[in-house]
Amino acid sequence: MHRTPHALVRSSVIVLLLSLAACGSESHIEPKTEEGTGHAGEALASTPLGDYKSGIITFYDATGAGACSFDASPGDLDVTAIGEPDYAGSGACGACAEVQGPLGTVKVRIVDLCPGCAASHLDLSRQAFAKIANPIDGRVNVRWRYVSCAVTGPIRYHFKDGSNPWWTAIQVRNHALPIQKLEWLNPEGKWVSVPRLSYNYFVQATGMGSGAIRVRVTASNGKVLEDTLPGIQAGQTFSGKAQFTL
């Protein structure tokens, strides 16, 4: 069962000249650490990552936060919780799904766990549900499939509050494809796979030490991105160099 509700010519010329001047002075400096920033560019298009499956949708009063430990996203509530079998110990977090209902189609991002929900059950935000079904129906049969997320900019890395050289937790954000694993290059020069916990952080219980950290992230299609992070800074987010492609 789902959770509770949850004019002139002269003027035109002047405007044109001002516009051209502005274009000529545009900055191309890339931001490094601010949340929500990254490489400029249009959002990537959503691409199917698998076949449709039959499922059920319900709804709750979602905020964008939840078991996946993402920040609330009041400006984007096309989000969903997912049943535990598909949650996969947080492996589904940040992935996107395209859902077809009786009134249309919506794309949602997985941000939460739906306790007690069976496989293929999506507990949508109230707003997302209303785009494809009548809320009065409460529980509706649909079909859905995983798709790439229409993100803008590179992937991002977020250090959990409390992270330090002796206990380090990193979350991957803004990824176009589901994340398969994260590794770090230890002091011995060996790539070590970091355990992913149920709250969607990769946690190195013995820490990653002081100084810059080399990490690499593997997506569900096997593509790998490698980045160097400027040391552990609890609560801070850093942009990577690139985004996953199909």
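**Exercise 1. Accessibility**

Tyr 146 counts as partly exposed, because its relative accessibility is 23%; this class lies between buried (under 20% relative accessible area) and exposed (over 50%), as found with a 1.4 Å probe on protein chains only. The model is predicted, so local features need a pLDDT of at least 70 and side-chain atom pairs a pLDDT of 80 or more, while totals for chains, interfaces and linings use all residues. Residues are numbered from 1 along each chain as its sequence is written, and side-chain values use heavy atoms, without hydrogens and water.

Task: Classify Trp 144 by its relative accessibility.

Solution. 
Step 1. The value for Trp 144 is 0%.
Step 2. Trp 144 therefore counts as buried.

**Exercise 2. Aromatic pairs**

Task: State how many aromatic pairs the structure holds, and find the geometry of the pair of Phe 59 and Phe 129.

Solution. 
Step 1. Rings of Phe, Tyr and Trp (its six-membered ring) pair if their centres lie within 6.5 Å; planes under 30 degrees apart are stacked, over 60 edge-to-face, and the rest tilted. There are four aromatic pairs in the structure.
Step 2. The ring centres of Phe 59 and Phe 129 are 4.9 Å apart and the planes stand at 55°, so this pair is tilted.
Step 3. Helices (DSSP runs of H or I, at least four residues) and strands (runs of E, at least two) are numbered from the N terminus. Because Phe 59 belongs to strand β1 (residues 53-60) and Phe 129 to helix α3 (residues 126-132), the pair ties together parts that are 70 residues apart in sequence.
Step 4. Both Phe 59 and Phe 129 are buried.
Step 5. For Trp 144 and Tyr 146, the centres are 5.1 Å apart and the planes at 80°, so that pair is edge-to-face.

**Exercise 3. Charges over rings**

Solution. 

**Exercise 4. Salt bridges**

Task: Give the count of salt bridges, and describe several of them with their places in the chain.

Solution. 
Step 1. A salt bridge requires a side-chain nitrogen of Lys or Arg within 4 Å of a carboxyl oxygen of Asp or Glu. The count by this rule is seven.
Step 2. One of them joins Asp 61 to Arg 126, with the closest N and O atoms 3.0 Å apart. Asp 61 is in the loop between β1 and β2 (79-83) and Arg 126 is in helix α3, 65 residues apart. Asp 61 is partly exposed at 36% relative accessibility, and Arg 126 is partly exposed at 31%.
Step 3. Arg 173 and Asp 71 meet at 3.2 Å, N to O. Arg 173 is in strand β8 (residues 168-173) and Asp 71 in the loop between β1 and β2, so the bridge ties together parts that are 102 residues apart in sequence. Arg 173 is buried at 7%, whereas Asp 71 is partly exposed at 43%.
Step 4. Glu 226 and Arg 214 form a salt bridge with their closest N and O atoms 2.4 Å apart. Glu 226 lies in strand β13 (residues 224-229) and Arg 214 in strand β12 (residues 213-219), twelve residues apart. Glu 226 is partly exposed at 34%, and Arg 214 is partly exposed at 37%.
Step 5. Through shared partners, salt bridges also join Glu 98, Lys 107 and Arg 145 into one network.

**Exercise 5. Positive phi**

Task: Locate Ala 88 and Ser 120, and compare their backbone angles with the general rule.

Solution. 
Step 1. Most residues other than glycine have a negative phi.
Step 2. Ala 88 is not a glycine, yet its phi is positive, about 55°. Ala 88 is in the loop between α2 (84-87) and β3 (96-101), and counts as exposed at 51% relative accessibility.
Step 3. Ser 120, also not a glycine, has a positive phi of about 70°. Ser 120 is in the loop between β4 and β5 (121-125), and is buried, with a relative accessible area of 14%.
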